[in-house]
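Please keep the sequence and the 3D view open while reading this note. The points are numbered so that each can be checked in turn.

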Amino acid sequence: MKGQFAAISYSLYVELKYLMIRFWTILLAFVVVDILVFSQVNEHLLLVTSMPQYIFSGIVSFIIIRKSFSFCLKLGATRKAYLLTMTCVFALFAIVMSLINVVIMSISIKVINSFNLMNVQLYYASDFIFHDPTVAVHFLTDAVFIFFITAASCLLGSIFYKFGQTGGMITGAVLILLFTIPVTKEPVIHFIKSLSNGSLLLTFGTMVIVSFLFFLINWLFLKKSVSCPSSLIKKQSFLY
């Protein structure tokens with residue numbers, strides 16, 4: 001079990017490392033260029049670096065579980081070892097992503113304040129949820145949100161893996177419908193609004209527990225799934 005955990009962790013580490021380097025290089029370059037450009041003009045710039053993180057995390061986790069699951073099975077890993085490792089790796093992924101964002105944002109804000117660039121403003125997602133959040137709240141919010149998004153995206157990826165594109169598209173359409181009809185949309189909106197009023201520990205604790213449940217539900221879709229043909233694995237190698 002330990003050997004499988006180490007092997008799967010290394011496989012996922014290799015994939016995530018290069019994707020994260022590319023993502024942060026592009027995002028950091030974008031932030032630097034925007035600051036330089038808007039320091040010379042009178043236009044107002046507002047950047048929320050948390051949102052690109054969420055989108056990136058969702059896309060990466062969705063693709064990786066479809067790609068790496070079959071590869072790890074072919075190398076002899078068990079489904080239990082794979083799901084346990086996947087959960088731990090994405091928990092660490094969420095922490096690292098949030099920490100990098102805090103560091104980059106802190107440096108960027110100091111640079112902006114040093115040059116007194118009043119027309120350039122950087123925000124975390126937590127700035128729109130909580131009143132005057134601390135750095136710790138910024139970090140915790142992004143880490144929990146990223147972990148929740150990766151868990152949900154992995155579950156969706158497992159559904160696509162198990163039932164194919166048709167089953168996955170039907171599931172996606174149902175989810176979109178659930179978030180558009182008042183009966184299900186209003187509770188979601190109410191939950192988001194309650195974040196700023198309720199206990200941080202209770203709110204984030206609930207999201208973490210739900211995230212772990214999402215990873216656990218993956219077992220239902222992957223426990224009897226067979227590995228994909230080699231041709232499909234090659235087609236899914238466009239990440240490299």
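**Notes on the model**

1. N116 is exposed, because its relative accessibility is 54% and the cut-off for exposed is over 50%. N116 sits in the loop between α3 and β2. Its phi is near 55 degrees, which is a positive value in a residue other than glycine. Keep in mind throughout that this is a predicted model.

2. D132 is not a glycine, yet it has a positive phi of about 50 degrees. It is found in the loop between β2 and α4. With a relative accessible area of 65%, D132 is exposed.

3. The largest nonpolar core has 46 residues, and the members that touch the most others are F56, Y82, M86, F93 and M97. Five helices each supply at least two residues of this core: α1 (2-38), α2 (50-74), α3 (79-114), α4 (135-178) and α6 (200-222). As background, nonpolar side chains tend to be buried together in soluble globular proteins.

4. Which residues does M97 touch, leaving aside those up to four places away in sequence? They are M20, F23, W24, Q53, F56, S57 and I146.

5. The structure holds twelve aromatic pairs. In one of them, the ring centres of F23 and F56 are 4.3 Å apart and the planes are at 15 degrees; the pair counts as stacked because this angle is under the 30 degrees cut-off. F23 belongs to helix α1 and F56 to helix α2, so the pair ties together parts that are 33 residues apart in sequence.

6. Another aromatic pair is formed by F130 and F204, with 6.2 Å from centre to centre and 75 degrees between the planes, an edge-to-face arrangement. F130 is in the loop between β2 (120-123) and α4, while F204 is in helix α6, so this pair ties together parts that are 74 residues apart in sequence. F130 and F204 are both buried.

7. Some rings are linked into a cluster by ring pairs: F23, W24, F56, F90 and F93.

8. Where does α2 bend? The bend is at I64 and amounts to about 30 degrees. Of the 25 residues of α2, 18 are buried, so the helix is largely enclosed by the rest of the structure. After α2 comes G76, with a positive phi near 105 degrees.

9. Last, the cysteines. How many disulfides does the structure hold? It holds zero. C72 counts as buried, because its relative accessibility is 5%. C88, with a relative accessible area of 36%, is partly exposed.

Conventions: Residues numbered from 1 in each chain as written. Predicted model: local features only at pLDDT ≥ 70, side-chain atom pairs only at ≥ 80, totals over all residues. Heavy atoms only, no water. Core = buried A, V, L, I, M, F, W, Y, C linked by side-chain atoms within 4.5 Å. Buried < 20%, exposed > 50% of the residue type's maximum accessible area, 1.4 Å probe, protein only. Helix = DSSP H or I, 4+ residues; strand = E, 2+ residues; numbered from the N terminus. Contact = heavy atoms within 4.5 Å. Phe/Tyr/Trp six-rings, centres within 6.5 Å; stacked < 30°, edge-to-face > 60°. Bend = angle between axes of the 7 residues up to and from the residue. Disulfide = S-S within 2.5 Å.
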